[in-house]
Amino acid sequence: DLSLPLGRTILLPIDMQEEHRIDARYLVEGYDRVLANAAALLDAARTSGVRVLHAGFRRDFNRVPPRPFEPVASDGTPIFSDPDLPGCAICPEVAPHPGEDVLWKNDLSCFSESGFDQMLGHPDWLVICGVWAEACVAATIRDAVARGIHVLLVKDAVGSGTADMQKSAVINLANRLYGGAVCDTDTAAALLSGETRPAWHLVGSAPLRYTGDTIAPVYDAV
């Protein structure tokens, strides 16, 4: 059973931007479902007064020049999350409300931005949703755990390029989610509303093993 200390919990939606449904290179499978689930989490958090902190990706070469081996467009502009393009906007279904903080980052992890720790404060728990599960979501989770923050990963409110990529990312994160938990949207919404619910907790290290044929049932069991 899990309950969240609501006053010391933050809901963190990550990179829920338009490019993941309008740019053929970066489409997230089932993105409408991911957005709907994230919107349900936002509704629950806002109703119960849980703090919401949004994160988005802006690859701004004026702030951080292209890194070694980073692909760029033929005209030298970013090939993803270009702040000058409409695809960089946060989707309206999960758009920030007035008074909610927004972090714009230039790398995978939210913690890569020097001001994020101060913006975040000292929560006990982060409830995380967003895209892509194996990239920005994973990097942020690992950095949060390294700082002693508990993480609740909402498995059906994260997305990736395919369903199997999303499932494998969730399983791989769960295998090393020390101090954290995994659940679905309905459970997370109830937890954000102050209820106590069962959630999957890591015992030991890397207990979940899967193959291409078993990835779905292993994911369903988390």
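User: In which loop does Ser81 lie?
Analyst: The model is a predicted one. Ser81 is not a glycine, yet its phi is positive, about 50°. Its place is the loop between E2 and E3.

User: Is Ser81 buried or exposed?
Analyst: A residue counts as buried under 20% relative accessible area. Ser81 has a relative accessibility of 4%, so the class for Ser81 is buried.

User: What is the phi of Asp15, and where is Asp15 found?
Analyst: Asp15 is found in the loop between E1 and helix H1 (19-22). With 3% relative accessibility, Asp15 counts as buried. Its phi is positive in a residue other than glycine, and the value is near 55°.

User: Which residue of E2 is the bridge partner of Ile14?
Analyst: Strand E1 (residues 9-14) pairs with E2 in the parallel sense, over three bridges. In E2, the partner of Ile14 is Ala55.

User: Which residue of E3 is the bridge partner of Phe57?
Analyst: E2 and E3 run parallel and are joined by five bridges. Phe57 lies in strand E2 (residues 51-57). Its partner in E3 is Lys105.

User: How many residues of E2 are buried?
Analyst: Phe57, in strand E2, has a relative accessible area of 8% and is buried. E2 as a whole is mostly covered, and of its seven residues the number buried is six.

User: What kind of aromatic pair do Phe57 and Phe80 form?
Analyst: Their ring centres are 5.6 Å apart, and the planes stand at 90°. Planes over 60 degrees apart count as edge-to-face. The pair is therefore edge-to-face.

User: How many residues apart in sequence are the parts that this pair ties together?
Analyst: Phe80 is partly exposed, with a relative accessible area of 24%. Phe57 belongs to strand E2, while Phe80 sits in the loop between E2 and E3. The pair thus links parts whose separation in sequence is 23 residues.

User: Which residues form one aromatic cluster?
Analyst: The count of aromatic pairs comes to three, and Phe57 with Phe80 is an edge-to-face pair. The cluster consists of Tyr26, Phe57 and Phe80.

User: What is the angle between the planes of Phe111 and Phe116?
Analyst: Phe111 is buried at a relative accessible area of 8%, and Phe116 is buried at 0%. Their ring centres are 4.9 Å apart and the pair is edge-to-face, the planes being at 85°.

User: Which residue in E6 is the bridge partner of Val154?
Analyst: Strand E5 (residues 150-159) and strand E6 (residues 181-183) run parallel, joined by three bridges. In E6, Val154 is partnered by Cys183.

User: Which residues does Ile215 touch, not counting residues up to four places away in sequence?
Analyst: Ile215 lies in helix H7 (residues 215-221) and is buried, with a relative accessible area of 8%. The residues touched are Asp164, Lys167, Ser168, Ile171 and Tyr210.

User: How do helices H2 and H6 run relative to each other?
Analyst: Helix H2 (residues 31-48) packs against helix H6 (residues 185-192) with axes 8 Å apart and an angle of about 10°. Angles under 35 degrees count as roughly parallel. H2 is therefore, relative to H6, roughly parallel.

User: How many charged residues are in the contact of H2 with H6?
Analyst: H2 contributes Asn37, Ala40, Leu41, Ala44, Ala45 and Ser48, and H6 contributes Thr185, Ala188, Ala189 and Leu192. By class, seven are nonpolar and three polar, and the number charged is no residues.

User: Which peptide bond is cis, with omega near -20°?
Analyst: Trp132 is placed in the loop between strand E4 (125-131) and helix H4 (133-146). The cis bond is the one from Val131 to Trp132.

Methods:
Residues numbered from 1 in each chain as written. Predicted model: local features only at pLDDT ≥ 70, side-chain atom pairs only at ≥ 80, totals over all residues. Heavy atoms only, no water. Axes fitted to C-alpha atoms, helices over the stretch in contact; angles between N-to-C directions. Helix = DSSP H or I, 4+ residues; strand = E, 2+ residues; numbered from the N terminus. Parallel < 35°, antiparallel > 145°, perpendicular 65-115°, else oblique. Contact = heavy atoms within 4.5 Å. Nonpolar A, V, L, I, M, F, W, Y, C, P; charged D, E, K, R; others polar. Pairing = 2+ DSSP bridges. Phe/Tyr/Trp six-rings, centres within 6.5 Å; stacked < 30°, edge-to-face > 60°. Buried < 20%, exposed > 50% of the residue type's maximum accessible area, 1.4 Å probe, protein only.
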